[in-house]
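Here are my notes on the model you passed along. Have it open while you read, as the points go contact by contact.

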Amino acid sequence: MLGGAGVLLGVSAGTAQAAEVAYATECIPPAISGLPPVQGTTKVEITAPAEAKVGDEVEVVWKFVQAASKNPNILDLEANTVQPTGTLKAAGAQTGDIAMQGPRENPPIPKNSDMKLSDMKGKLKLTAPGEVTLTPDAYNINVNKPISTDTKCTPKETVKQAATIKVTDAGGSSGGTTGGLPTVIPTLPTGVPTGLPTGTSGPTPSESETGGDDGGTSTGGAAGGGGGGQSDFTGKEVQVPYKCKTPIGDKEATSPVQINAKKNGGSFDLTVQFKKSVMDSPADIPKDSVKPSMEVALGGADKGTVHVEGPTNSEDIKSGEPIEIPDLTGTYKPGASGESTLSPGVLTIKALGTTTTCTPAKSEVSLTLDTSEQASGASGGGSAGGSAGGSAGGSSTNGGLAATGAEEHDALKALGLVAGTALLLGGAVFTFMPGRRTR
């Protein structure tokens, strides 16, 4: 298996030879996925002409007999969504890298089943007489749905040569001198993500940093009467430690969040702002595919939640760019009279057909308002926004996203996009966390 060669059909430059080699391989998913490296065995068959002349351009074929890992038990892959690229090393009479690329052609690949990768091809122009050896090297797996992701696979041992081309000069004799670099056709595609974040973990604020629910918040004026008085209320920026349970494990990150309000009759128009970027995008994300929402937690005199939401991303998010959460807006109709508090609550992300949520491990009051009870207000009712210390009635905004199973304000929920396979196929599970707001 490691050194054998067989005689196949003839090609333009001479009789073709095919040899199979196997080598230990390590495949690295995108760092943001949090997945460990995959250790496996790659088996490939390299087909090339046995003989050729200086000046010939020969085609080389790389066939995957066995990939280093199965499709993990996460996501079924659609047909024609997987594309391999790689490098074949030329040595001997001439040295260089031959870029190999396969078409994006594959049958449907169920979860926990063997990978099916297309044959890769490349061309090498022969420049010197002698023997040219061909050895498989690193390769990359790209999955383009539901988003584009990559996994890089490299040999973890010295790989044996898979084929040898005997090159003769124009007069028919072969030599042993080394020549220039081979012409490489085609070139490797661009767009492989680089500089991926190493993780989404952030520091958890200490008691002195986060404080309690009672101190340091901005307090609004009376909301009851219709006449004059303050109408705009600015909350304080609070550090929110999110604890998220994703399909690939638990994650933590901290983001500054601020809740502001504007009086509107007896109600308040709320705006929730995320102040700091936590991570960059590990892959390209198409526009109109990410929609955020939050259930703002009420306390003090009032109970329940207020649903706020933001628009979908208006532009594509390129790999390496900051992931931003836009302002989330909604209307708070008080359900009680007195001093009511507002704190960041459960955050929900709908993206690419998935719905995931994340809840603060510890919440801090951002804004305190003097409220007057309104008919069908928040306190004591029941709405799709869920409960965070009491049911929320009449507090959701038009067309709001329902919470997805959040039974309590402090329940731990997953915040992740199941965006493709994990391990060999691109590690396309990543955590989506708040981004920087530019003003």
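This is a predicted model: local features need pLDDT of at least 70, side-chain atom pairs count only at pLDDT 80 or more; totals for chains, interfaces and linings use all residues.

1. Ground rules. Numbering runs from 1 along each chain as its sequence is written, and side-chain values use heavy atoms, with hydrogens and water left out.

2. The aromatic pair. Rings of Phe, Tyr and Trp (its six-membered ring) pair if their centres lie within 6.5 Å; planes under 30 degrees apart are stacked, over 60 edge-to-face, and the rest tilted. That rule gives five aromatic pairs. One of them is Trp 62 with Tyr 139, an edge-to-face pair at 6.1 Å centre to centre and 70° between the planes. Trp 62 sits in strand E5 (residues 57-66) and Tyr 139 in strand E9 (residues 130-143), so this contact ties together parts 77 residues apart in sequence. Strands here (E, at least two residues) are DSSP runs numbered from the N terminus.

3. Around that pair. Are Trp 62 and Tyr 139 buried or exposed? Both are buried, where buried means under 20% relative accessible area, exposed over 50% and partly exposed in between (1.4 Å probe, protein chains only).

4. Salt bridges, starting with Glu 26. A salt bridge here is a side-chain nitrogen of Lys or Arg within 4 Å of a carboxyl oxygen of Asp or Glu, and the count comes to six. Glu 26 bridges to Lys 156, with the closest N and O atoms 3.7 Å apart. Glu 26 lies in strand E2 (residues 14-28) and Lys 156 in the loop between strand E10 (149-155) and strand E11 (163-168), so the pair ties together parts 130 residues apart in sequence. Glu 26 counts as buried, at 17% relative accessibility.

5. Glu 364 and Lys 236. Their side chains meet in a salt bridge at 2.5 Å, N to O. The pair links distant parts of the chain, 128 residues apart: Glu 364 is in the loop between strand E22 (354-360) and strand E23 (367-371), Lys 236 in the loop between strand E14 (232-234) and strand E15 (238-246). Glu 364 is buried, at 5% relative accessibility.

6. Glu 309 and Lys 291. This salt bridge has its closest N and O atoms 3.6 Å apart. Glu 309 belongs to strand E19 (residues 304-309) and Lys 291 to strand E18 (residues 290-300), so the parts tied together are 18 residues apart in sequence. With 15% relative accessibility, Glu 309 counts as buried.

7. A loop residue by strand E10. Val 159 is in the loop between E10 and E11 and is buried, with a relative accessible area of 14%. Its C-alpha atom is 7.8 Å from that of Val 21, although the two are 138 residues apart along the chain.

8. Backbone spots to look at. Which value does phi of Asp 288 take? It is near 55°, positive in a residue other than glycine; Asp 288 lies in the loop between strand E17 (267-274) and E18. Ser 376 is not a glycine either, yet has a positive phi of about 60°. Ser 376 is in the loop between E23 and strand E24 (417-418) and is exposed, with a relative accessible area of 60%.

Key:
Helices (H or I, at least four residues) and strands (E, at least two) are DSSP runs, numbered from the N terminus.
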